[in-house]
Amino acid sequence: MWATAPAHAACDQSGTSVTCSGTATAGFGDGTQNGYTVTVQPDASIALGAIVNGIWLNQNNTVTNNGTITTGDNSSAIRGDGGGNTVTNNGLISVGAQSNGILVSGIGNAVTNNGTITSSSFNVFGIDLSTAGSVATNIGTITLTGSASNGFNILGVNNNVLNSGTITVGNSASTNDIGVALRANITFTNTGTINALGGNSSGVNVFGDGDTIVNKGVIRGTSGLFIIGMNESIVNNGTIATTSAGGSVLGLMAQSSLTNNGTIDGRLLVNDPFNTNTFTNAGLVTITDPSTPVGTAHLFPGTFTQTATGVLALRVNAAGAADTFTTTTANLGGTLRAVIQPGTYAPTTLYSGVLTATNPLNGRFDQVTTSSAFYSAAATYNSTSVDLTLTRSGFGAVAGETANQRAVGNALEAGYSPSLTGAAAAFYSNLLQAGSVRVLDQLSGEGTSGTQNTAFAVGSLFGQTMDGQMDAWRAGHRGDAAGSGALGYASERPVTSAFNALKAPPRVEPQWHAWASGFGGNQSLSGDASIGSAGFSDRIAGGAAGVDHLLGPDLLVGIAVGGSSATFNVDERLTSGRLDGAHLGGYAMQRFGVTYLSGQLAYSHFNNSTTRTITGIGADEVAKGSFGSDQFGGRLEVGRSYDFGTVTVTPFAAIQAARLWQEGYTETSVTGAGPGVLGLSYASRGVSSLPTFLGSKFDARFTLGNGMMWMPFGSLAWVHEFSPNRDVTASLISMPVPAFTVEGARAASDAGRVELGSRLVLNRWSELSARFTGEFSSAGQSYAGTGTFRVNW
């Protein structure tokens with residue numbers, strides 16, 4: 001028995017049962033114990049020096065670590081020298097140089113890591129299985145950052161190895177690390193992540209025959225999979241990738257099969273002097289490692305078959321170099337994709353022999369594509385080879401472009417040449433790699449047109465505060481004696497006799513009225529797919545105050561001032577902005593019996609700021625701009641009231657015109673590393689809005705007593721906008737290309753307008769009112785609310 005005093009004892013033994021707890025500098029066993037059950041408790045911490053094993057047993061033992069075992073150099077945290085052992089790590093194992101986390105020999109062992117095995121020293125094996133007919137499983141984490149370290153080191157045969165956790169070996173300065181090392185007749189399944197980070201490292205290294213390897217996770221290394229053997233079966237449903245100019249799958253195989261349903265990323269180099277291997281690609285074969293030079297050759301002697309879902313992606317550059325694929329027998333199908341590399345290309349470029357075979361080709365690729373929206377590719381099929389021709393499309397001539405994209409593309413096309421240098425060459429090189437023409441939308445600045453819709457909406461809401469005062473006066477409650485029930489147009493009713501006319505009480509109506517309103521609203525508009533405009537939304541808040549005066553019994557005139565703040569978003573263009581406005585207006589209404597004519601004029605000044613994020617063309621950039629704008633508008637309305645007792649119905653027609661003048665401005669664009677090159681300079685712009693209204697208003701009144709009166713109201717109208725277009729004209733600051741004009745979200749051409757509100761007359765001198773307005777159309781909707789307090793004298 002190995003034990004110390006109870007206060008410090010790591011391991012207490014009762015027959016063949018051993019429980020380790022507390023803190024100690026000694027473990028248990030000397031390699032001769034059989035049939036023991038050893039449990040390291042969660043509170044246990046066993047810290048050992050060099051050449052000392054933590055738990056050291058022989059065969060048919062069960063070891064479970066729930067605590068911490070730390071060893072020095074040339075040691076094993078847990079070691080079993082015979083067969084039939086079951087070892088489980090749920091805790092932490094940390095070892096020194098030339099050591100093992102778990103070392104097991106013999107036949108029929110089961111090793112499972114649910115916890116963590118770690119070391120920063122060299123030549124360390126996380127799980128070392130020198131055994132046959134055993135099972136090794138990693139569900140937890142194995143992290144070994146020193147050189148010449150293996151996460152799994154499986155030296156025996158006929159073993160079953162599984163990884164669903166994370167294995168990381170090596171670092172940027174280490175060498176010769178292996179995530180999983182296997183020998184003969186091994187079944188290995190990976191559903192986790194294996195990263196071999198050092199130089200000359202392998203994610204999985206196989207040296208032996210008859211192995212079955214199934215990858216459903218991620219395997220990375222200088223060579224993702226390095227294999228030497230015969231009768232190997234490899235199925236990749238995940239990712240096997242190189243990290244630094246190595247290879248995805250490298251080695252020497254014969255009479256073996258490789259099936260790819262996932263991604264093989266990096267050079268494929270498998271030698272077979274007998275041409276007996278088969279490779280079936282139903283996934284993606286590509287090279288994304290930037291340190292692997294363009295022109296790298298994939299080599300797979302044997303039979304290469306690409307199915308309908310397979311993609312063979314070969315990089316090409318402007319100098320005429322291309323990756324290639326060489327095999328013995330080629331059965332073609334699926335997709336051949338040209339992956340465009342940085343550069344400025346000639347109109348057409350020929351790449352000869354991108355695929356070659358020893359025997360005549362069987363079939364053709366189903367389609368030939370490129371990674372860039374601005375290129376098309378065509379394959380030429382020779383007897384034993386395939387040539388690839390790349391043709392550049394004009395930036396404004398790609399099939400399926402929207403009107404906005406064509407406008408930007410045509411401007412860019414005017415500045416393009418294969419002989420460009422400097423910043424212009426870098427810009428076009430990045431642009432040519434874009435996989436979608438939507439990158440032109442990111443450049444366009446279209447989203448900044450949101451300032452226009454927002455400015456018109458703010459101006460309209462300010463105008464509604466003035467309309468509200470005229471509507472209240474038209475409804476006729478101002479100056480009425482409380483409870484009289486008279487409407488403003490009651491004087492138009494004929495009296496029954498001269499006597500009654502002489503006895504009628506004099507009309508008492510305040511001559512001055514002061515008011516204050518708060519308003520808010522939001523609108524959303526959808527984009528137009530054919531134009532290429534994106535959806536838009538805004539939020540508005542503001543206030544207004546005014547005073548009006550009766551110049552006669554039937555003429556009201558007033559003035560108003562206000563302020564506002566609004567924000568807008570065009571999410572598809574990663575664009576947002578803010579408008580802070582100041583407003584000045586005048587209004588008047590003339591009654592002609594039961595008919596009225598009202599008008600208003602308003603001036604607004606806005607301080608605008610915009611922010612755009614530009615992605616997909618080199619490094620992301622953020623472009624910001626600020627400018628001033630001025631708006632002048634007016635409204636003219638005519639209507640006639642019909643009295644139906646409690647309710648008055650007033651059909652009306654109105655025209656509302658506004659003109660917005662926006663100053664020209666230039667954005668400031670930055671990247672994470674310094675100044676950007678994708679900012680725009682915008683031309684000054686004049687934009688109009690001309691909606692007309694045709695509808696009917698409804699007013700009612702109810703006397704509440706004590707001098708109070710409740711007056712609900714509403715309206716229904718059809719709105720037609722004669723000037724819905726919203727556009728901007730801009731040019732790139734850093735590129736010598738022409739200006740272009742793009743359209744943003746248009747205002748709704750036709751909409752239904754609904755208004756509901758209520759006035760509460762508190763007494764002869766004051767009242768409260770509120771209204772809700774909604775406009776609804778196929779292009780979007782808007783909602784607004786206004787609250788007002790008014791005093792009369």
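The model is predicted: local features need pLDDT of at least 70, side-chain atom pairs count only at pLDDT 80 or more, and totals for chains, interfaces and linings use all residues. Residues are numbered from 1 along each chain as its sequence is written, and side-chain values use heavy atoms, with hydrogens and water left out.

## Domains and cores

The domain assignment, which is automatic or from a database, gives domain 1 (18-392) and domain 2 (443-479 + 508-792). Taken over C-alpha atoms, the centres of domain 1 and domain 2 are 63 Å apart.

A nonpolar core is a set of buried Ala, Val, Leu, Ile, Met, Phe, Trp, Tyr and Cys residues joined through side-chain atoms within 4.5 Å. Buried means under 20% relative accessible area, exposed means over 50%, and partly exposed lies in between (1.4 Å probe, protein chains only). The largest nonpolar core has 115 residues, and I55, L355, F374, L412, F427 and L431 touch the most other members. Helix α2 gives the most to this core, with 5 residues. The core lies between domain 1 (18-392) and domain 2 (443-479 + 508-792), because both give residues to it. A second, separate core of 38 residues includes A457, W473, F568 and A745. In soluble globular proteins, nonpolar side chains tend to be buried together.

Contact means heavy atoms within 4.5 Å. Leaving out residues up to four places away in sequence, L355 touches F304, L312, F325, A330, L332, L361, F365, T384, S385 and V386.

## Helix α2

Helices (H or I, at least four residues) and strands (E, at least two) are DSSP runs, numbered from the N terminus. Helix α2 spans residues 422-432, and its buried residues are A424, A425, F427, Y428, S429, L431 and L432. Which elements do the buried residues of α2 pack against? They pack against the strands β37 (335-340), β40 (375-381), β41 (385-392) and β58 (727-732), and against the helices α1 (403-413) and α3 (438-444). An α-helix has 3.6 residues a turn, so residues three or four places apart point the same way.

## Salt bridges

A salt bridge is a side-chain nitrogen of Lys or Arg within 4 Å of a carboxyl oxygen of Asp or Glu. The structure holds 21 salt bridges. The table gives three of them.

| Pair | N to O distance |
|---|---|
| R573 and E446 | 2.8 Å |
| R753 and E775 | 2.6 Å |
| R790 and E767 | 2.4 Å |

The salt bridge of R573 and E446 ties together parts that are 127 residues apart in sequence, because R573 lies in the loop between β44 (555-570) and β45 (575-592) and E446 in the loop between α3 and α4 (450-475). R573 is buried at 9% relative accessibility, and E446 is buried at 1%.

In the salt bridge of R753 and E775, R753 belongs to strand β60 (residues 750-763) and E775 to strand β61 (residues 766-777), 22 residues apart. R753 has a relative accessible area of 12% and is buried.

In the salt bridge of R790 and E767, R790 lies in strand β62 (residues 780-792) and E767 in strand β61, so the pair ties together parts 23 residues apart in sequence. Both R790 and E767 are buried.

A network of salt bridges links D467, D471, R474, R635, E637, K697, D699, E755, R759 and R771.

## Other residues

A disulfide is a pair of cysteine sulfur atoms within 2.5 Å, and by this rule the count is 1 disulfide. C11 and C20 form it, with their sulfur atoms 2.0 Å apart. The torsion about the S-S bond is about 100°, so the disulfide is right-handed. C11 is buried at 2% relative accessible area, and C20 is buried at 0%.

Q452 is in helix α4. Is Q452 buried or exposed? Q452 is buried, with a relative accessible area of 0%. Among the residues that Q452 touches, not counting those up to four places away in sequence, are L660, Q662 and R685.

G108 lies in the loop between β12 (100-107) and β13 (110-113). With a relative accessible area of 37%, G108 is partly exposed. Leaving aside neighbours within four places in sequence, G108 is in contact with G84, N85, T131, A132, G133 and S134.
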